[in-house]
Amino acid sequence: MLDEVEGTVQGHRDGHGFVQRDDGEADIYLPPNEMRAVLHKDRVKARVVRQDRRGRPEGRVVEIVERPEQPIIGRLLHEGGIWLVAPEDKRYGQDVLIPKGATGTAKTGQVVVVQLTEPPALFGQPVGRVKEVLGEIDDPGMEIEIAVRKYGVPHEFSEACIAASKALPDKVRPADKKGRVDLTDIPLVTIDGEDARDFDDAVYCEPAKVGRAKGWRLLVAIADVSAYVQTGSAIDIDAYDRATSVYFPRRVIPMLPEKLSNGLCSLNPEVERLCMVCDMLVAADGEIYAYQFYPAVMFSHARFTYTEVAAILANTRGPEAAKRKDRVKDLLNLSDVYKALLKQRGKRGAVDFETTETQIVCDDAGRIEKIVPRTRNEAHRLIEEAMLAANVCSADFIAEGKHPGLFRVHEGPTPEKKEILRGYLKAMGVGLSITDDPKPGEFQAIADATKERPDAQQIHTMLLRSMQQAIYTPINSGHFGLAYEAYTHFTSPIRRYPDLLVHRVIKAILSKSRYQLPMLPTPGEAHAKLAKRLASRVKAPSAKPAKATVAPTKEVQAWEAAGLHCSANERRADEASRDVEAWLKCKYMREHLGEEYGGVVSAATTFGIFVTLDAMYVEGLVHITELGGEYFKFDEQRQELRGERTGIRYAIGTRVRVQVSRVDLDGRKIDFRLIREGEDLVARAMKEKGVKEKAGPGGGSTSKASARQASRQPRSHGDSKAEVAAAVMAGSERPGQQSAMQAFKSAVKKAANKMKGRKPRRP
């Protein structure tokens, strides 16, 4: 008998699915007939029965182990006298039947939340009842209401949590200051974005002696959330359940109640606040010479924005500096220590790729007005380096204190990803590669060596994709990307639960006591079982340290479960945010159907290319059938699609022009149609096929001119632009028979003859 394995069903919009195995082995493919009796996210036992025609292990479900009580969100429809809900998440694969009296107050077409009353069967659809009516599909904020329920994001605080937050004071009381260092006279300042509402961190820097040399004293003060959120309290339970704040365009679902996140804990200007301080001595070369932690009370002397600080640093005699003349010297000290820390970053060999992040700007109705790149200036980098320094000191303090806690671990590439990257670098003619045990500096060296190449974006994207995701774990394996032996998160306890735990551990070490984790919010479920379940979503690190700093006790197992919980909820928040952004972009692009844009290929696959538009930073798919009337083959090593006849290539970074052809709001998909491959593609293809360009009148290139003309011709039914380009190139290959221009004219004439007698298409 074949082995039975446990896993989680992952549905697919085309009706099939797979079982994601708990043991991390290859997923088990489930054909549509096997998916009829199960639902997306069901926990099942499955058995591999054969290999399908693509070589994947195909199986069947032998037992449903657990069916989570997950709500299904969709639109209520009335068809042929039958009420049903079409799930918004197409991975569920089948509609839910709603009995006549179970629709509640919902009306046809409204978005509703359904609770299942009968599971699906091999020959029967699932049955449910309307639990909640969310409203009309075009209501402002509907995309967020759907996302928080679709991904199970807790969005309402418990009554006990709200009551506990109301009982907290409105300001720092004299009794709260006992046992704390008074830093109210130190001109600490906050530097954040224009739209920030909660302020986690404040900074201050002054010149100082480090040994016998010059250096700086850098203070990073972080909101002391642990002073108000007690372990195991109602607020703590809700915070742990959320694990992170979730950021959407125009709305934030906070980890803590607003009284804490925007009030009592937030380091607002010109009010006293409790804080935890990382007080560092930084040498001239950027090395952290010494550090100490202590609880303090502070007074923020100013609330700066990144834009304002960047302007002051760029011109200390400008209007921005004139308004803040008392703080200019402090900002210059911060700039000096930042430059020293940056040198140390380079010396360490940390990975530092520049990537483009976007910001969605919405109007009051929630519609996208524009999508703009989020530009990072010197002030962003200054704060980032100060926070990295404090996080590194936190990790070192916990490791030296031999107390269990959560590290932020980022491992290097897996063996499989290393091989893919090596093959890609070789195929692309990059003179550098990575070793069997690569260091971050090797990746940075490749990035630096290729930054002037026209395909630099493509190469840097592949470098990033070869790396793993970072997770929280008590087992310290270092941070690969930042090139740190130990790293953790200390600087954002208002919005990240792991940071709050780190604060509590630091306080325990300072008081020479031991911090005990709160009971996990899963009554009756053992830590080991929770860790196993969460591991199916977030894999634990593969590389273990040579000597474990902490024995694998029940206490460490509890920390591991907490780390997995926080990692999984971090992924959940990211997925929910991406889902909302995709929805908004789809709604936005529905208003631009038929319009043409320039763009860049952001990914190549076996089924087509993904293109990101220049003007809007929106990504869509050009299906392989839209690339022309020839056979395109996917080159895995080069990560590109290549036409067999023309040699035209589509790889990451290739410039194209597309038309918006279709928008699927439910599926969060945008489809493009290729309008013009571009002169550079034809020229490159000709060069690779060894075709010499024939000089035309005046010394110009006849082939290039023909390619330009070909790219301007309307697309005929039988001749794609790729075929026209092929005809041009065929003419140039046979100079004795036909010129390139003659070949082009012949192809156009042939296309015109084919169109004779055809009825014109409807507009």
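The structure is a predicted model, and the values below are computed from it.

**Surroundings of Arg-422.** Arg-422 belongs to helix 10, which spans residues 415-427. Leaving aside residues up to four places away in sequence, Arg-422 touches Ser-433, Ile-434, Thr-435 and Asp-436. With Ile-434 there is also a polar approach: a polar atom of the Arg-422 side chain lies 3.1 Å from the backbone oxygen of Ile-434.

**The second largest pocket.** This pocket has a volume of about 1000 Å³. Its lining comprises 41 residues, of which Gly-478, Ala-483, Tyr-484, Glu-485 and Ala-486 are the closest to the centre. Two or more lining residues come from each of strand 18 (288-299), helix 8 (328-348), helix 9 (378-400) and helix 10. Helix 9 gives the most, with 6 residues. The lining divides by class as follows.

| Class of lining residue | Number |
|---|---|
| Nonpolar | 19 residues |
| Polar | 11 residues |

**The protein as a whole.** The secondary structure consists of 19 helices and 31 strands. The protein has 763 residues, and 52% of them count as buried. Among contacts with a separation of 6 or more, 66% join residues 24 or more positions apart. The accessible surface comes to about 37000 Å², and carbon and sulfur atoms account for 50% of it.

Terms used
Residues numbered from 1 in each chain as written. Predicted model: local features only at pLDDT ≥ 70, side-chain atom pairs only at ≥ 80, totals over all residues. Heavy atoms only, no water. Helix = DSSP H or I, 4+ residues; strand = E, 2+ residues; numbered from the N terminus. Polar contact = N/O pair within 3.5 Å; in protein donor to acceptor, adjacent residues only side chain to side chain. Contact = heavy atoms within 4.5 Å. 1 Å grid on protein atoms, 1.4 Å probe; cavity = no way out; pocket = protein on both sides within 12 Å on 5 of 7 lines; lining within 4 Å. Points joined across faces, edges and corners; volume = space filled by probe spheres on them. Nonpolar A, V, L, I, M, F, W, Y, C, P; charged D, E, K, R; others polar. Buried < 20%, exposed > 50% of the residue type's maximum accessible area, 1.4 Å probe, protein only. Areas by Shrake-Rupley, 256 points an atom, 1.4 Å probe, with all protein chains shown as cover.
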